[in-house]
Amino acid sequence: MLGTQLDKRIRTGRLAVTWPDGRTTIHGSPEGAPPDVAVRLSGRLTPLRLALHPDLFLGEAFMNRSLVIERGTLWDLLDLLGRNFAIHEDGPLQRAIRPLMNWATQRNSRARAQRNVAHHYDLSAELYRLFLDEDMQYSCAYFPRPGMSLDAAQAAKKQHIVGKLRLRPGQRVLDIGCGWGGLALEIAKAEEVDVLGVTLSREQLAIARERAREAGLADRVRFELKDFRDLDGRFDRIVSVGMFEHVGLPNYPAFFAGLRDLLASPGLAVLHSIGRMHGPSTTSQWTRKYIFPGGYIPAVSEVMPHVENAGLWLCDVEILRLHYAQTLRLWRERFLERRADARTLYDERFVRMWEYYLAVSELGFRYGGLMVFQLQLATDIDLVPLTRDYIAEHDRESIDPSGRVSTSAWRKKTA
């Protein structure tokens, strides 16, 4: 069955498969046009599992070494599959059971949300330091200039968001899902505002608090271990980067209603999230099992009705298409350079799982219809300028032609 599928679908590149019985077959171009990959399968049931459920079993086969790449790399294999298979398409069965699956896997109560976050974000911070930028930004970077380094692109992302927040002295700012605190600290450096960052990760909380103390900003930047649903008070600005993917489709009405309740009037929010361009779907079973339990990447069409129902003005929508693909490529390259260090933290199976996670995530952005959207939401119709030129102007002031990023206001204050 698997051989028939490969014969039918592979038209670009070449894949050599050595089967568990020792046979070798060639699929695709016989001349070895790139990508040119050779794999060896072991285990009697491995080919059947790959044919019936590649979404789950391809990753597991790589982790467990029942699929070994003998020519090329993991990325070469995934690139070949991405070029030849429509990986964004759900089958008839998936479409039929999608509503039930989304309800069953994404009912993220407070307790469940805490467990889901701990599964991924309470891993050793040393693991993340292997591949993230110096500021430990674990979300899509922004590449306004060609050839930017990862650190410069992540700094540009933070400044791009700061420009959309329209900060003013004395404001209260909430960062939902603050990670290791980098964006909250950048916001406090950009303007004389008070920032509260909330996270469900104890590991991230400890590091964020220490970073605020080291930066001399603990008087204006606080971090708490709290579900945003349990917050009181109002905030002039709210930002959330890379957290919305953990909310879960059934919780969207409550999320946007809560966002509206937490916003002062006038108030402004910026939401940064991964999205889909092909419409509603389901979360990859491998990703849900091993990486992000309870996670879901929405189509923009699934988000907008809840923005409308919350009574918020949609002031700006920006789609970042290949920015995350480039981010993930840089993360993967940095991770592979320090693979030996990763093995001192976790075992070989975990390291192979993490390599697959970074590679298959990049695949989704290059071939699977994934992108990033940023929504700017306001309580009042006249809270931002009539045109979006102010965003580009802010970028020009903070990102020079060489790609370097500076927070000039902070430098003036601390000079």
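**Exercise 1. Give the strand order of the open 7-stranded sheet, then find its edges.**

Step 1. The sheet is open, its pairing is mixed, and its order is β7-β6-β5-β8-β9-β11-β10. Strands are DSSP runs of E, at least two residues, and helices are runs of H or I, at least four, numbered from the N terminus. Two strands pair if DSSP finds at least two bridges between them.

Step 2. β7 (221-225) and β10 (313-320) each have a single partner strand, so one side of each lacks a neighbour in the sheet.

Step 3. Ignoring direction, neighbouring strands are turned by 15 degrees against each other on average. Axes are lines fitted to C-alpha atoms, for helices over the stretch in contact (heavy atoms within 4.5 Å). Angles run from 0 to 180 degrees between N-to-C directions.

This is a predicted model: local features need pLDDT of at least 70, side-chain atom pairs 80 or more, while totals for chains, interfaces and linings use all residues. Residues are numbered from 1 along each chain as its sequence is written, and side-chain values use heavy atoms, without hydrogens and water.

**Exercise 2. Describe how β10 joins β11.**

Step 1. β10 and β11 (residues 370-378) run antiparallel, joined by 7 bridges.

Step 2. Asp316 stands opposite Gln376 in β11.

**Exercise 3. Is Ser29 buried or exposed?**

Step 1. Locate Ser29: the loop between β2 (24-28) and β3 (36-41).

Step 2. Its relative accessible area is 15%, so Ser29 is buried. Buried means under 20%, exposed over 50%, partly exposed in between (1.4 Å probe, protein chains only).

Step 3. Leaving out residues up to four places away in sequence, Ser29 touches Gly13 and Arg14.
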